[in-house]
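Here are my notes on the model you sent over. Have the viewer open while you read, and click on each residue as it comes up.

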Amino acid sequence: MRINYNGMTIFVKDNYESMSKKAAALVAAQVTLKADSVLGLATGSTPEGMYQALVQMYLQDEVDFSEAISFNLDEYYPIDASNPQSYHYYMEEKFFKHVNFKEGNNHLPDGKALDVEEACKAYDEAIYEHGIDLQVLGIGNNGHIGFNEPDVHFESSTHLVKLDVGTIEANARFFETIEEVPTRAVSMGIKNIMHAKKIILIASGEAKADIIEAMIFGDITPKVPASILQLHNDVTMILDQAAAGKILAKLMAA
Ligand code: PGA
């Protein structure tokens, strides 16, 4: 199902797999139409299926990343790229090593930078120099995009973030104990995200239903960082039925 609401395109898919395939199809279309596309990429559990679908498409010769460039949204801090919990490691294992990006074309914030401020500045400069064509986003239960937590400054660029208690709790499932979850991260800011030409936001599962409703129908407020996307002129949301559980009736009535 495809619905247009308030300038946004919203796809509601039956389940996680069809949500993932739809997202992969849009990323592949972007790279097919513009081979040297600059992709903004996300981590977390939601995009895993999308990366799997893109790898399948690559293996079947349906998409080619040889000219594409990528910038990831965020990385824990401090963390070594070789740490299996790092987003460097995640991207390498789940996507990059299976497809054909040219070496040096994949960028992530440096989780080990000695001068974080300088590293954030350099990351911003590289992003602005290239310009992101398509930014993929997940959404946290608290409305964060990237690691831009509630009470975010909408005008922020890449910066060091102190993670929300809720985010640390949500991410604890990837670690042995909650104490191991890093408490800080380097994240693109809302300004970087809003600068992308197109945005795709994916969400799956009932736990995301309330925040999806707040993001689409609520006020634009730093308390719900993703609500700022109401002001972006090219947002496509791809949700499964469960994540769309609180908005379907409202969208039908609109
Ligand atoms: P998740 O995280 O995909 O693991 O739910 C989303 C996010 O925090 O942005």
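Predicted model: local features only at pLDDT ≥ 70, side-chain atom pairs only at ≥ 80, totals over all residues.

1. Residue numbers start from 1 along the chain as the sequence is written.

2. Let's begin with the inside. The largest nonpolar core has 41 residues. Leu 54, Phe 65 and Phe 95 are the ones with the most contacts inside this core. Several elements give two or more residues to it: α1 (16–33), β3 (38–41), α2 (48–59), α3 (87–94), β7 (134–137) and β10. There is also a second, separate core, with 39 residues, including Val 12, Ile 190, Val 235 and Ala 244.

3. Zoom in on Leu 54 for a moment. Which residues does Leu 54 touch, if you skip those up to four places away in sequence? They are Ala 24, Val 27, Ala 28, Val 63, Phe 65 and Phe 95.

4. Next, have a look at helix α7, which covers residues 209–217. Its buried residues are Ala 209, Ile 211, Ile 212, Met 215 and Ile 216.

5. The largest pocket holds about 510 Å³. Its lining is made of 28 residues, and Ile 139, Gly 140, His 144, Asn 171 and Lys 208 are the closest to its centre. Which helix gives the largest share of the lining? That is α5 (residues 165–171), with 4 residues. By type, the lining divides into 10 nonpolar, 15 polar and 3 charged residues.

6. Ser 45 is worth a click while you are thinking about Asn 171. Ser 45 sits in the loop between β3 and α2. Although 126 residues separate Ser 45 and Asn 171 in sequence, their C-alpha atoms are 9.7 Å apart in space. Beyond its sequence neighbours up to four places away, Ser 45 touches Tyr 16, Arg 173 and Phe 174. Is Ser 45 buried, partly exposed or exposed? Its relative accessibility is 30%, so it counts as partly exposed.

7. The peptide bond from Tyr 77 to Pro 78 is cis, with omega near -10°. You can find Pro 78 in the loop between β5 (74–77) and α3. Then there is Asp 61, which has a positive phi of about 65° although it is not a glycine. Asp 61 belongs to the loop between α2 and β4 (69–72), and it is exposed, at 71% relative accessible area. Asp 151 also has a positive phi, of about 75°, and it is not a glycine.

8. Gly 146 is buried, with a relative accessible area of 11%. Leaving out residues up to four places away, Gly 146 touches Leu 73, Asp 74 and Ser 187.

9. Last stop: Pro 222, in the loop between α7 and β11. Which residues does Pro 222 contact, leaving aside neighbours within four places in sequence? The list is Glu 149, Pro 150, Asp 151, Val 152 and Phe 154. With a relative accessible area of 30%, Pro 222 is partly exposed. Its C-alpha is 25 Å from that of Leu 248, which is 26 residues away along the chain.

Key: Heavy atoms only, no water. Buried < 20%, exposed > 50% of the residue type's maximum accessible area, 1.4 Å probe, protein only. 1 Å grid on protein atoms, 1.4 Å probe; cavity = no way out; pocket = protein on both sides within 12 Å on 5 of 7 lines; lining within 4 Å. Points joined across faces, edges and corners; volume = space filled by probe spheres on them. Nonpolar A, V, L, I, M, F, W, Y, C, P; charged D, E, K, R; others polar. Core = buried A, V, L, I, M, F, W, Y, C linked by side-chain atoms within 4.5 Å. Contact = heavy atoms within 4.5 Å.
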